[in-house]
Every structure is written in C-alpha cells, then in structure tokens.
Amino acid sequence: MLLLAATIGVISPSGNEIGPFLPVEQAALSEKLPLDRRVVVFAWYNLAGYFAAAVGSFAGGTGVKVIQSHGWSVHESYRAVIVAHGLVAGLMLLCYLPLSKATETQHVKPRASRFGLGESRRTVFKLSALFSLDAFAGGFVMQSLIAYWFHLRWNADVAQLGMILLFGNLCAGVSSLVAGRLAKRFGLVNTMVWTHIPSNVLLILVPFMQSFPLAIGVILARFCLSQMDVPTRQAFVMSVVKPEERSAAGGVTNVARSLGVSLSPLLLAPMFATPTLGLPLITAGTIKVIYDLTLWRMCRSISPEL
C-alpha cells in the first residue's frame, strides 16, 4: 500500500516536485517566453516552489510537535500531517483550471521517436545522462536525509529540523532570482557550473564542523548556492530543443533524474552507521563536483535556441 501510494500519489522524498507535472509546466511556461526571459521566469517559478516548501517544512515540523503536546501519539501526529498533505495537494486541481490555451504549443508536430523526440533526441539523451548523475548524488542528501543526519549527529529535534529546512528553502528560493542575473551576464552553462561547485564544496565541509551552529551555518550557506543551477538548467533544456519537443524533453530528463535519485538510497545504510563521518554528504558533494566539470566540458559549446 505504501509503494502504491508513493507511485500514484507522486510522493516526493526529496521535498521537491516530481512526477508528470514539472515537465508539462516548464514547457507551458516556455511557450510564450523569449530566451532572455526564460531564466527570470523560471527563477520566480522556483522561488514560489521553494517558499511553499519552506512553509510546509515549518508547518510539518511544528505541527507534529503541537499535535503531540495535545496528547496525540507520535504515529497519530504524523498521520495528521500526511492527511493534511493530501488535502493541500488536492487543491492543485483548482490552480490548473484557469490556465489559458495559449500555453499549448502552436508548432506542427514532427515525426517523433518512441520518447516523443525528433531532432533533439541526441542532445536530450546526453543531458539526461548528466542530470541522472547529479540526481544520483542528490539522492544522498535529500532534505529528509539531511534532517535525519542532523538528528543522528547533533540530536536535533523535529522543531529544529523544521526551522533548518524553512530557512534553507527560503535561501534557495531567493538565490534563484540571482541566477537569472548571472545567466544574462555569464551564460546558462557557466552559471549552472560555477555556482554549483562552491555549493558542493560547502556540502563536503558540513561533517567537519565541530558544533551544531557551525554545521547549520555551512548547510544554510550551501542552500544559498545549491539551487541556483535549477532555473538555468530548466531554461537550458527548454532552449536547446525544438518548441514542439519541450514537454517530451522535460519528461525524459525528469525521468532520468528520478532514476538516478532512486538508486543512491540503496547505498545509504552503511553510511549512516557512523553519522559522525558524514559519508552521505561527502559522497554527494564529490560526485556533484565531477558532474559539474563534465557538464561544463560537454555543454559549453551548445547554443540555446529561441
């Protein structure tokens, strides 16, 4: 039943959007936007998501503690939060209803391959392989796992973890707006790579901090940089494929990321056996740096289209 709920209910262990919604929304946003505005709009799009995730993290952590203070058991308090999650998710339908038909592609659909891709197939598969590697590394440091690591390493309680994720998501969301300005000046690929590498170095440094406040400071600094590649990556994918292939490209790259992030948890159990070492964070940061350098080498010559 849990597996069925996670699959059909599109439950995200990372706290970020997964499933069929993301590629469709990205293609719809790109349809009426020129290249020079896509990064900025995607930045605001992600800011809204991070802000909502931040509020949700705070509400979940604080809500559990408040419910338990009224005599509810631990299991009952978590059930209440999950039910609230389902009710809020149901409101998404109302948000989609007013959408205009202008979001639909107006281009003639070409001959497509099995995955809905034509001329862009080779580029999309190359990007998918790279994004899968990044997602594989990200699977070691999903928000739920970061919270668990802080609990094991520093004995942080639910309310503290909720506050960490609240400010972390707020930092990530605000940094998305900066990414738009950087992309206009330095380009999409350069912005993706040269903001992502410092964030991964900070991730590697977190386990070496000797106190809980220092560890929080470094992880929050990492949040300030770690998601600046997201709006630039989304704009880059939507800009290097034909307009009629955007939703398919978003879907293929999203599936590749989902496959990558699903593999890393299989390796996590022995890493959490000794939380003081911080192996999940060090492993994730190292693999992500390799991804960044590979992405820059392979994609710096790809020219985005309008």
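These are my notebook entries on a few features of this structure, which is a predicted model.

**Entry 1: a surface patch.** I looked up the nonpolar side chains on the surface. Val88, Leu91, Leu93, Leu94 and Leu97 make up a nonpolar patch there, and their accessible area together is about 540 Å². I then turned to one member, Leu97, which sits in the loop between α5 (92–96) and α6 (121–138). Leu97 counts as exposed because its relative accessibility is 59%, and the cut-off for exposed is over 50%.

**Entry 2: helix α11.** I asked how many residues of α11 (residues 229–239) are buried. The helix is mostly covered, with 11 of its 11 residues buried. Among them I noted Asp229, Arg233, Phe236 and Met238.

**Entry 3: Leu170.** I located Leu170 in helix α8, which spans residues 158–186. Its relative accessibility is 28%, so I recorded Leu170 as partly exposed. Leaving aside residues up to four places away in sequence, Leu170 touches Phe51 and Ala54.

**Entry 4: cysteines.** I searched for disulfides, and the count came to zero. Cys224 counts as partly exposed, at 33% relative accessibility, whereas Cys299 counts as buried, at 0%.

Definitions and conventions. Residues numbered from 1 in each chain as written. Predicted model: local features only at pLDDT ≥ 70, side-chain atom pairs only at ≥ 80, totals over all residues. Heavy atoms only, no water. Patch = residues over 30% accessible without salt bridge, like charges linked within 9 Å, V, L, I, M, F, W, Y side chains within 5 Å. Areas by Shrake-Rupley, 256 points an atom, 1.4 Å probe, with all protein chains shown as cover. Salt bridge = Lys/Arg side-chain N within 4 Å of Asp/Glu carboxyl O. Helix = DSSP H or I, 4+ residues; strand = E, 2+ residues; numbered from the N terminus. Buried < 20%, exposed > 50% of the residue type's maximum accessible area, 1.4 Å probe, protein only. Contact = heavy atoms within 4.5 Å. Disulfide = S-S within 2.5 Å.
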